[in-house]
Amino acid sequence: MALPAAEWQGRTARLWAALEPALRERLEAASLQDAVRLGCDLLREEEAALVQLCHRAPTDKKPEAASWYREQGNWEFRQGRYQAALRLYSKAASHELPGSPEVSVCFANRSAALLHLGHFEVCLEDIARAESHGYPDRLLPKVLLRKAECLLCLGRLQDAQDVLRVLESRIALDGVMTTHLTRLKKLSQLKVKLGGKERCPEPARGEHGGTQGESEMWEENNRISGASSSLSLSFDAERGRHLVASQDIVAGQSLVKEEAFVSVLCPGDSLPLQDGDTAWDTRATNADLYCHRCLRQLLASVPCQGCSYAKYCSQDCADRAWQQYHRTECSLGALLLTLGVFCHVALRTVLLAGFTEVSRLVAGSHRGDKNLQNPEGSCKPLSEAADAGAVSRGVPGCDSSGRYQSSYQALFHLLPHTEQHSPEHKFLCTLSVVALCKQLQAAGLEAAVLSQESPQQWPKPKTCEKISDELSPELKTVAEAMLRQMLQLQCNAQAITVMQELGPGDGAVVDKKPVRLATAFFPVLSLLNHSCCPNTSVSFSGTAATVRAAQPISSGQEVLHCYGPHWCRMRVAERQQLLSQYFFECRCPACLQELESGVKSVVSIRNSFCCPKCQAQMQGEEDTLCCSNEACATSASRDHLSGCLQDLQQQIKKALDLLRVGKADQAIKMLLKCQMDAGTFLSPEHLLMGEMEDHLAQVYATLGKWQEAARHLKKSIEIVEMHHGPSSVETGHELFKLAQILFNGFAVSEALSTIQRAEGILSVHFGPQSAQIQELQEMKACLSELPRNILQRT
């Protein structure tokens, strides 16, 4: 949720509509500084309503919720669903009070799930957490037995023997031997294994595991931090600051490697608690699945000591987050979730920048520095200068030496487009940042924000119950900077995406989809202008972005990035509508071709309806569509055909639901019927036809019918190539799945050729170190090691 909760948006919209016309005019023309001042007065009417909204997104710790989650985890564990149990034990741990014996039980229970899943190292970490949090002595023998088993599986024989000796002595000291009979039997079995130096199966690879490929060649630019030396910073009045190739660039070459200046995890879909609710949501969202600092996938999360929301991949990440920003954000969790990710990013940005730097740049804007209102206005084209370094010193965002850094200074100089945002949107943003700053003051967190005192001197944060009446001058400066950042985010926010597995992820063929994981500021990445047919591809690893050339780029050519609406995914009218939020009209080659030549978009043609009688394309811009075959002359209602499409999509969803509950045969029958129905009114090249082929391949793979699965997936790939191109990332992902199917089906020669093609495409988009490339290489190595006579037969 980028913007605030719908209820808060509605209240601010009604307040705006009720303002006196003269006051609305003042607000529309107000500077950011004046908008904050006026917002402080206007917020008073809505403070109580905002506090009530915060109660619907609680982030405080609730021991009763912890107990409920732990019981749910125990039930899943008894059913053998260890992954589900793992997540529920993590939820329970996040709600337990620090230092309570119950939190040690959560970690111990979670260690049992980790042992069953084969994550032995992480299991040992949870056992250590349980012991350090005061795990009860009477329960310690079973945890020690689990510890010895993990050590044995890891091949740490001496450590395992030491633990078993401790366990034997504890059991001997316990007078009631009958309570340990089962453990004694297990202990003797482990001792036999130790005596024979028997090894357990290889431990499961961690969530972040995988061998690293060879490092890519990289020479950093001495004028642009995080950029390759093959790029240069340029400027002109039409395109503003932008990046240009200073030499010929080959496809797959890394161009930018930048760590986000700031990133905030998008919480994901979750059901807000209603008044009177006593149950808690068991679904796993982004907030449960990824580290709130580094965005790595969580296996056994480390909960925040103060709130139930923030979770981390390690104690190190938890400590760093606390020092950098979470000590301020912790007690404000409910308010931040209510005000949305953009407001959260704005707060975290000023916390990371520090008040000294924030106040310096805000004060510069007050002194009439027009560059801060229109950073591009005073710049001259770099080509006009004999010394590019001398000119770049005048480019906003560059330091005194002319270097463009990934810094708060560069971020502050990104265009806020203050005059182009709607007055209602500016009003919403103003009241949101003012409300947040008032709560910072009311909760006693002003010193933390201003970095005026050490953490030991801070007062204990107060709960979000009452918002202070007036902001201090320093917090007004913070609010102004946050308002600027919030307005900048509409045009400069970068979505960090990750390929997330669909389903449990334990099948032979892994299906994935892109998911928005976080919202971030990347100052250098923001230099890339948009094109609907870009020449780059952007991928993410945690909070780091890598830009690679998706095709050869000639020296002098601009380096372009797609902001979302790609030419092969939607028509020009739809693209232009989406791009309007960035306050420019796209004039890229794809848009110009469709706008000026009248050429119909291939998206429109391929995703069109077809005639129910002769299967020719239906055409027309009105409510009634006519067959393009003049000899046929069939007509049909657009609404009727759209209704058929919606019904078809519902049937496909039901088929996939059947697959999820293990009814593969029924899923196949339903999908085949969907195909027949679709053929009567959809173009054979319609993207949905390809999706159905992909779903059929998934079902047949579940049944181990590899040849059938491959046949359907090949048809899907044909349609994906038509829509996205043979070297697109979409085609690469489909080829990756086909390689898995052919590998599992033992079609060796075809698998090897598919692996080679998938590797060639995916390495361009994600680089040689990506997890998918590593898996493809492992499959290739395995197939290449087969006996020669088998390779010849296949």
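Which residue forms a salt bridge with Lys311? In this predicted model, where local features need pLDDT of at least 70, side-chain atom pairs count only at pLDDT 80 or more, and totals for chains, interfaces and linings use all residues, the partner is Asp288, with the closest N and O atoms 3.5 Å apart. Lys311 belongs to strand E6 (residues 311–312) and Asp288 to helix H12 (residues 286–289), so the contact ties together parts that are 23 residues apart in sequence. Residues are numbered from 1 along each chain as its sequence is written, and side-chain values use heavy atoms, with hydrogens and water left out.

A salt bridge is a side-chain nitrogen of Lys or Arg within 4 Å of a carboxyl oxygen of Asp or Glu. Helices (H or I, at least four residues) and strands (E, at least two) are DSSP runs, numbered from the N terminus. Buried means under 20% relative accessible area, exposed over 50%, and partly exposed in between (1.4 Å probe, protein chains only). By these cut-offs Lys311 counts as buried, at 5% relative accessibility, and Asp288 is buried too, with a relative accessible area of 12%.

The structure holds 32 salt bridges. One of them links Arg129 to Glu125, where the closest N and O atoms are 3.9 Å apart. Both residues sit in helix H8 (residues 120–132), four residues apart, or about one turn of the helix. Arg129 counts as buried, at 16% relative accessibility, whereas Glu125 counts as partly exposed, at 41%. Helix H27 (residues 664–678) holds both Asp677 and Lys673, again four residues apart, about one turn of the helix. Their side chains meet in a salt bridge at 3.0 Å, N to O, and Asp677 counts as partly exposed, at 34% relative accessibility. Elsewhere, Asp41, Arg44, Glu470 and Lys476 are linked in a network of salt bridges.

Turning to the strands, two of them pair if DSSP finds at least two bridges between them. Strand E1 (residues 231–236) and strand E2 (residues 240–245) pair in the antiparallel sense over six bridges. Together E1 and E2 form a hairpin, with three residues between them. Within this pairing, Ser232 has Val244 of E2 as its bridge partner. Strand E1 is mostly covered, as five of its six residues are buried.

E13 and E14 run antiparallel and are joined by two bridges; Met618 has Cys627 of E14 as its bridge partner.

The loop between strand E13 (618–619) and strand E14 (624–627) contains Glu622, which is exposed, with a relative accessible area of 60%. Glu622 gathers with Glu621, Asp623 and Asp639 in a patch of negative charge on the surface. Patches are made of residues with over 30% relative accessible area and no salt bridge, like charges being joined within 9 Å and nonpolar side chains (Val, Leu, Ile, Met, Phe, Trp, Tyr) within 5 Å.

Conventions. Areas by Shrake-Rupley, 256 points an atom, 1.4 Å probe, with all protein chains shown as cover. Lys, Arg positive; Asp, Glu negative; His and termini not counted. Charge placed at Lys NZ, Arg CZ, Asp CG, Glu CD.
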